[in-house]
Amino acid sequence: MFKLAINSARGPGVSTRWAARFICAIPGLLIFLPLAMTAYAQTTANAVQASVEPPGSMAPPSSEPVKIVQMNDDMPMYQPDSIVITAGQTVEWHNNGQVSHSVVDDATRAAKPDDALIPSGVSTFNSGSIMPGHTFKHTFTVPGRYRYFCMSHELDGMVGQVIVRPAEPGEPPIAQAKSEPSKNLERGRTGQSQISAASLEKLLKPSTAIAESGTGTVKIIQMNDDTPEYDPGSIVIKAGQTVEWHNNGQVSHSVVDDAARAANPGDALIPKGVETFNSGNVMPGGTYEHTFKVPGRYRYFCMSHELDGMVGEITVLPAPPGTEPLISQAKSQPWKNDRGTGSAVPDP
């Protein structure tokens, strides 16, 4: 009654004007409501999509590409089981199996110590149990050869390898080596993949060609992945001459003359009173040299491939007083050590 009285007092024209305004606003409301409902539906859909996406999806490679190794319950259990990367790159292992796996590079935890290999001075790594669908990543900053295994499936042959070559300024990242079934480079296992020899030859080719022995004071021995692994396996030199080993292979090798580090002590021989020598890991394309001052017979081996027969021998003859005649490098020939048949170069 009170409102009616006010409207009556203002006159009928006021109520009519407000009714007209309301009627005119109806079309605008009819247009706005569908647009608002559409925007709300889109916002809700986006929220639902974000909630079902897996958290922590892998970011695209940047300046340090990520190399992927798949972990499977069946062979090949690491796929690929051998890859080549550049120092600074990261490897990420993805567990595609139905049971947990791991990535361990610690010889003290291995059933077979040879299944773990790491450059000297580098800390070991251990992923712990990687559950199905989960990942583990590790960045390799030090060049060298790394061999790792799965704690649960090592004896099933779940062993892999990463070869890290030095990074060169301005060099593009190395493409991941293609996996292919063939004989394993390290221990002769079959049914596993290894690095493509053709691609590796191109990747690991030394930047400068091996120089000739020049004046003849330096004698060259090639180190290869296949027989003859030391080429030549037996040479004769004069006291005071230097031998230089060149790694032409696709994996690291070494030159060691220390019976305490040999699987078979007979693979190391050195004259009495002479200090042993040890090259450490000689990476593909790298070299190591040693000068032999004391006459006698020296037998040496590769720490990683001794049991594959990578054993060599050097006979050092006395240098005649006042003269330094140079002995030409001995012709390469199959050499069998004392554990096999045949004979090595006789003592002078």
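This is a predicted model: local features need pLDDT of at least 70, side-chain atom pairs count only at pLDDT 80 or more; totals for chains, interfaces and linings use all residues.
Two strands count as paired here if DSSP finds at least two bridges between them.

**Entry 1: the overall count.** I looked up the secondary structure of the protein chain and got three helices and 16 strands. The chain has 348 residues, and 39% of them count as buried. Then I checked how far contacts reach along the sequence. Taking contacts between residues at least 6 apart, 70% join residues at least 24 apart.

**Entry 2: a four-stranded sheet.** I traced an open sheet of four strands, ordered β11-β10-β13-β14, with mixed pairing. A reminder to myself: strands of a sheet pair through backbone hydrogen bonds, parallel or antiparallel. I then zoomed in on β13, residues 242–247, which pairs with β14 in the antiparallel sense over five bridges. In that region His 246 sits opposite Thr 287 of β14.

**Entry 3: two cis prolines.** Most peptide bonds are trans. I went looking for exceptions and noted two. The bond joining Thr 227 and Pro 228 is cis, with omega about -5°. Pro 228 belongs to the loop between β10 (218–223) and β11. The bond joining Asp 231 and Pro 232 is also cis, and its omega is about 0°. I placed Pro 232 in the loop between β11 and β12 (234–238).

Is Pro 232 buried or exposed? Its relative accessibility is 4%, so Pro 232 counts as buried, the cut-off being under 20%. I also took a C-alpha to C-alpha distance from Pro 232 to Glu 313: 9.1 Å in space, for a pair 81 residues apart in sequence.

**Entry 4: Glu 154.** I found Glu 154 in the loop between β6 (144–149) and β7 (159–165). With a relative accessible area of 6%, Glu 154 is buried. What does the side chain of Glu 154 reach? It gets to the backbone nitrogen of Lys 112, at 3.0 Å. I listed its contacts too, skipping neighbours within four places in sequence: Ala 110, Ala 111, Lys 112, Asp 115, Phe 149 and Val 159.

**Entry 5: Glu 306.** Glu 306 is buried, at 4% relative accessible area. Its side chain reaches the backbone nitrogen of Ala 263 at 2.8 Å. Again leaving out neighbours within four places in sequence, I have Glu 306 in contact with Ala 262, Ala 263, Asn 264, Asp 267, Phe 301 and Val 311.

**Entry 6: the largest pocket.** Last stop. I get about 630 Å³ of space in the largest pocket. How many residues line the largest pocket? I count 22, and those nearest its centre are Asp 114, Leu 117, Met 303, Ser 304 and His 305. Sorted by class, the lining comes out as eight nonpolar, seven polar and seven charged residues.

Technical notes. Residues are numbered from 1 along each chain as its sequence is written. Side-chain values use heavy atoms; hydrogens and water are left out. On a 1 Å grid over the protein atoms alone, a cavity is a set of points where a 1.4 Å probe fits but cannot get out, and a pocket is an open set with protein on both sides within 12 Å along at least five of seven lines; lining residues have an atom within 4 Å of a point. Grid points are joined across faces, edges and corners, and a volume is the space filled by probe spheres set on the points. Ala, Val, Leu, Ile, Met, Phe, Trp, Tyr, Cys and Pro count as nonpolar, Asp, Glu, Lys and Arg as charged, and the others, Gly among them, as polar. Buried means under 20% relative accessible area, exposed over 50%, partly exposed in between (1.4 Å probe, protein chains only). A polar contact is a pair of N or O atoms within 3.5 Å; within protein, one must be able to donate a hydrogen and the other to accept it, and residues adjacent in sequence count only if both atoms are side-chain atoms. Contact means heavy atoms within 4.5 Å.
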